[in-house]
Amino acid sequence: MPNLHELEAAIPVAPLKLIVLDSAARLGNQINNYLVGFRRDIKNIAKNDPAFEGYVSDNYIVDSTCYRFGTGEAKAVISESVRGKDLFILVDVCNHSISYTMNGYTNYKSPDDHYQDLKRVIAAVNGKAHRVNVIMPFLYEGRQHKRSGRESLDCAYAIEELANMGVNNFITFDAHDPRVQNAEPLRGFDNITPPVQFMKALLRAKEDLIIDKDHLIVISPDEGALDRAVYFANVLGVDTGMFYKRRDYSKIVNGKNPIVAHEFLGDNIDGKDVIIMDDMISSGGSMIDTARQLKEMNANRVFICATFGLFTDGLAKFDEAYEKCYFDKIVTTNLTYQLPELKERPYYVEADMSKLIASIIDFMNHDSSMSNVYTSTEKIHQILDAYNRREDLSQHHL
């Protein structure tokens with residue numbers, strides 16, 4: 001955990017508590033375990049002060065539930081006091097595995113259902129908690145972030161709605177377009193990217209990677225992901241390239257102009273390892289086509305790194321692409337629900353984000369600078385130095 005000396009001298013703004021919705025139970029438990037360890041080991045001035053009772057605890061998760069009536073309606077119930085607490089509410093709007101019964105039928109919660117449950121929890125604690133912070137790793141309706149013609153502007157409206165309900169800070173990861181935070185300029189909005197965790201996961205999975213411009217290149221699969229690819233390439237000291245999607249603007253299919261082809265712009269990749277950087281894998285068709293073209297261009301190995309592995313059409317097409325050697329590894333985070341069978345795939349690598357989120361919560365609870373947590377450049381350089389010294393990255397403190 002970084003810059004502990006700042007936390008040792010800082011006072012928490014209020015007693016820390018987490019509310020973990022059922023959609024994020026697994027991630028929430030991991031975060032809680034890290035927080036318990038952080039608070040137990042740190043030498044903070046508030047640790048033994050009676051005025052800060054509860055600073056050290058065996059559990060920071062509040063007992064809470066969203067109950068469903070037989071009609072499918074719901075209510076949030078908080079079963080312990082949250083008065084005066086600094087609350088962090090964790091929700092995964094992409095978890096499609098949570099079921100409930102409505103009129104005798106089994107339904108599975110959609111992103112809309114998870115968003116409504118979040119609002120119910122906020123309504124239950126508002127006016128009682130000292131501060132309400134929402135951790136929403138996948139930003140609800142983040143892909144509907146701009147308006148073209150007669151369209152709804154869902155993401156901006158959701159942020160504005162939550163702010164009006166009393167949310168003080170929004171914490172999200174790799175927003176599809178971080179400019180959507182302009183919908184509520186008077187609230188805290190932290191958009192965090194996971195290149196450090198990608199690098200650690202990839203280097204643990206492939207110990208023979210050579211990080212230099214003669215052996216490695218970072219590729220953006222489209223124009224939207226170019227910024228993150230350029231940053232990652234610059235930090236690693238390697239070249240970058242980009243595919244752009246050539247579309248047929250005379251047609252509209254499922255609300256979008258269909259992609260005709262992926263065209264490559266960049267340097268020669270012959271014999272090089274390739275890292276493809278993107279914010280999400282949805283159905284995966286474009287990503288697989290990008291990987292296929294890279295292999296046809298004689299790339300050595302292809303590694304796909306995406307913050308959110310949604311796999312909305314299942315894993316069959318990825319299994320087939322792996323058998324055809326289109327790619328070598330897929331790295332995604334545990335920020336959203338993961339298909340149980342995904343972890344069994346030989347090509348899958350998980351980048352664990354729970355320690356980072358616990359650090360974010362701890363620093364924010366002390367009102368300490370967030371740059372201590374997610375300034376990535378120096379951390380990536382430290383990881384590369386440790387990798388070149390052949391140290392065990394799983395034991396690395398970052």
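This report describes the overall form of one predicted chain and then the surroundings of several of its residues.

The model is predicted, so local features are reported only at pLDDT of at least 70 and side-chain atom pairs only at pLDDT 80 or more, whereas totals for chains, interfaces and linings use all residues. Residues are numbered from 1 along each chain as its sequence is written, and side-chain values use heavy atoms, with hydrogens and water left out.

**The chain as a whole**

The secondary structure consists of eleven helices and 16 strands, where helices (H or I, at least four residues) and strands (E, at least two) are DSSP runs numbered from the N terminus. Along the principal axes, the C-alpha atoms fill a box of roughly 65 × 55 × 40 Å.

Of the 398 residues, 52% are buried, a class defined by a relative accessible area under 20%, with exposed meaning over 50% and partly exposed in between (1.4 Å probe, protein chains only). Among contacts between residues at least 6 apart in sequence, 68% join residues at least 24 apart, a contact being heavy atoms within 4.5 Å. The mean positions of the 44 positive and 56 negative charges lie 2 Å apart; Lys and Arg count as positive and Asp and Glu as negative, while His and the chain ends are not counted, and each charge is placed at NZ of Lys, CZ of Arg, CG of Asp or CD of Glu.

**Helix α4 and strand β8**

Helix α4 spans residues 154–164, and its buried residues are Cys155, Ala156, Ala158, Ile159, Glu161, Leu162 and Ala163. The buried residues of α4 pack against α3 (111–125), β8 and β9 (188–192). After α4 comes glycine 166, whose phi is positive, near 115°.

Strand β8 covers residues 169–173 and contains asparagine 169. The side chain of asparagine 169 makes a polar contact of 2.8 Å with the side chain of asparagine 133, a polar contact being a pair of N or O atoms within 3.5 Å in which, within protein, one must be able to donate a hydrogen and the other to accept it, and residues adjacent in sequence count only if both atoms are side-chain atoms. Beyond its neighbours within four places in sequence, asparagine 169 is in contact with Arg131, Val132, Asn133, Val134, Gly188 and Met364.

| Residue | Relative accessibility | Class |
|---|---|---|
| Asparagine 169 | 13% | buried |
| Aspartate 278 | 9% | buried |
| Serine 369 | 38% | partly exposed |
| Glutamate 207 | 59% | exposed |

Aspartate 278 lies in strand β13 (residues 273–281), and its contacts outside four places in sequence include Asp174, Asp222, Arg228, Met287 and Cys305.

Serine 369 is placed in the loop between α9 (354–365) and α10 (371–374), where it touches Glu6 and Phe363, residues up to four places away in sequence not being counted.

Glutamate 207 belongs to the loop between α5 (195–205) and β10 (216–220). Apart from its neighbours within four places in sequence, glutamate 207 is in contact with Tyr387 and Arg390.
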